[in-house]
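Good morning, and thank you for making time for this presentation.

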Amino acid sequence: MASGTLYAETLRLVRNRPVYMRYDIIAEICKTTSGDKVTAAWIGMFASGRSRAPNVDYVQALYECLSGKKLF
């Protein structure tokens with residue numbers, strides 16, 4: 001992982017995703033690895049900073065989905 005925290009790296013990935021990767025598409029892709037944890041609404045809140053204390057399981061699931069790398 002690049003320097004920084006899991007939160008910061010995941011935020012970077014979500015904000016720098018390809019334009020065609022809408023939050024609902026990302027959530028659908030993430031279902032295969034995280035179940036229903038990561039929803040389009042949650043991704044939107046996370047990306048905008050409205051999620052004050054995001055659950056680390058959700059952040060990890062989103063990171064793994066966007067990066068293609070398993071942490072554990």
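A word on conventions. This is a predicted model, in which local features need pLDDT of at least 70 and side-chain atom pairs count only at pLDDT 80 or more, while totals for chains, interfaces and linings use all residues. Residues are numbered from 1 along each chain as its sequence is written, and side-chain values use heavy atoms, with hydrogens and water left out.

The chain contains four helices and zero strands, in the order α-α-α-α along the sequence. Helices here are DSSP runs of H or I of at least four residues, strands are runs of E of at least two, and both are numbered from the N terminus. A compact globule of 72 residues would have a radius of gyration near 11 Å, and the chain agrees, with 11 Å. That radius is taken over C-alpha atoms, and the globule rule is 2.2 Å times the number of residues to the power 0.38. Along the principal axes, the C-alpha atoms fill a box of roughly 25 × 25 × 25 Å. Of the 72 residues, 36% count as buried, that is, under 20% relative accessible area with a 1.4 Å probe and protein chains only; exposed is over 50%, and partly exposed lies in between. Of the contacts between residues at least 6 apart in sequence, 51% join residues at least 24 apart, contact meaning heavy atoms within 4.5 Å.

Now to the packing. Helix α2, residues 23-34, packs on helix α3, residues 40-48, at an angle of about 120°, with the axes 8 Å apart. The pair is therefore oblique. Under 35 degrees would be roughly parallel, over 145 roughly antiparallel, 65 to 115 roughly perpendicular, and the rest is oblique. Axes are lines fitted to C-alpha atoms, for helices over the stretch in contact, with angles from 0 to 180 degrees between N-to-C directions. Tyr23, Asp24, Ile26 and Ala27 of α2 meet Ala40, Ile43, Gly44 and Ala47 of α3. These residues divide into six nonpolar, one polar and one charged. Nonpolar covers Ala, Val, Leu, Ile, Met, Phe, Trp, Tyr, Cys and Pro; charged covers Asp, Glu, Lys and Arg; the others, Gly among them, are polar.

How do the axes of α1 and α3 cross, and at what angle? They come within 10 Å and cross at roughly 110°, which means that α1 is roughly perpendicular to α3. Tyr7, Thr10, Leu11, Val14 and Arg15 of α1 make this contact with Ile43, Phe46, Ala47 and Ser48 of α3. The buried residues of α1 are Leu6, Glu9, Thr10, Leu11, Leu13 and Val14, and their cover includes α3 and α4, residues 56-67.

Beyond four places in sequence, Thr10 touches Phe46, Val59, Leu62, Tyr63 and Leu66.

Pro54 sits in the loop between α3 and α4. Leaving aside neighbours within four places in sequence, Pro54 is in contact with Tyr7, Trp42, Phe46 and Val59.

Arg17 belongs to the loop between α1 and α2 and is partly exposed, at 24% relative accessible area. With neighbours within four places set aside, Arg17 contacts Tyr23 and Ile26. Arg17 and Leu66 are 49 residues apart in sequence and 8.3 Å apart in space, C-alpha to C-alpha.
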